[in-house]
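Here is a brief report on one protein model. Look over the sequence and the fold before reading on.

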Amino acid sequence: MAVKIYRFGPGLGQPDLSPFCTKLILWLRMAGIDYEAGGFDPKRAPKGKAPYAELEGELVGDSSEIIARLTRSRGVELDAGLSPMQRAQARAVQSMVEEDLYFVVLYMRWQLDAVWSRYADVIGGAVRSGGAPGLLVPLILRSIRKQTVASLRGQGMGRHAEAEVVARGLALLEALEVMLGEGPYFFGEAMTSIDATVYSMVAGAITPELSTPLQAAAKGRFPGLEAYLARVQVALFDAD
């Protein structure tokens, strides 16, 4: 039976504008689980964020929680071959990209005025497709941006200068490039759950669809990661 998920919608050359929604979509494809995608409704979202999913009649929020629930209920064995050390490494990498690189991506998209002037057009399309009246979209975007920039400042990333955030992003990407090594995936010849996480965050950071100071600084510096993104794209989407 197909799983019903709720997300923002595709954009910037990715399955979804949100890296966390992209992560869930990639994982579902890796696991061979059929899904139906609906639009995000903040009033229904259990945690007020996307993605969320309907599982056994219950709305469940948070991409990691959805994946954990489906792994148990569907008997998914994507990570069955990982050693205890590899599982620990995967958990550390997940924290690095979701609790650090993700906020670098948010900073680039939402806090920098020069990038926001272009990203607003992209996110505005998602807001309109969600049913918001066209005249209200600019007001909604201003409100979301204000909240996002405030959350970045509260988290800490928003307190740094642009050059400092770019340097931080480059350091994280370099670490991922080293850990990936010869690949082709993070733990060898087969994709595991961590590949869904890494792909979504790295693609969000260096997508050529949205020029940012980090994307410009990273261009050509991480051939291993660029080849990795292309491999995942071919494996999971180009066959459609």
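## Basis

This is a predicted model: local features need pLDDT of at least 70, side-chain atom pairs need pLDDT 80 or more, and totals for chains, interfaces and linings use all residues. Residues are numbered from 1 along each chain as its sequence is written, and side-chain values use heavy atoms, without hydrogens and water.

## Fold

The protein has nine helices and four strands. Helices (H or I, at least four residues) and strands (E, at least two) are DSSP runs, numbered from the N terminus. From that end, the order is β-α-β-β-β-α-α-α-α-α-α-α-α.

The C-alpha trace spans about 50 × 45 × 35 Å along its principal axes. Of the 240 residues, 49% are buried (under 20% relative accessible area, 1.4 Å probe, protein chains only). Contacts are heavy atoms within 4.5 Å. Among contacts between residues at least 6 apart in sequence, 69% join residues at least 24 apart.

## Surface

The accessible surface (Shrake-Rupley method, 1.4 Å probe) is about 11700 Å². Carbon and sulfur atoms account for 53% of that surface.

## Helix 1

Helix 1 covers residues 19-31. Eleven of its 13 residues are buried, so helix 1 is largely enclosed by the rest of the structure. Among the buried residues are Phe 20, Leu 24, Trp 27 and Met 30. Their cover includes strand 1 (3-7), strand 2 (35-39), helix 2 (63-74), helix 3 (84-111), helix 7 (193-206) and helix 9 (223-236).

Gly 32 follows helix 1. The phi of Gly 32 is positive, near 70 degrees.

Key: Buried means under 20% relative accessible area, exposed over 50%, partly exposed in between (1.4 Å probe, protein chains only). The expected span of a helix is 1.5 Å times one less than its number of residues.
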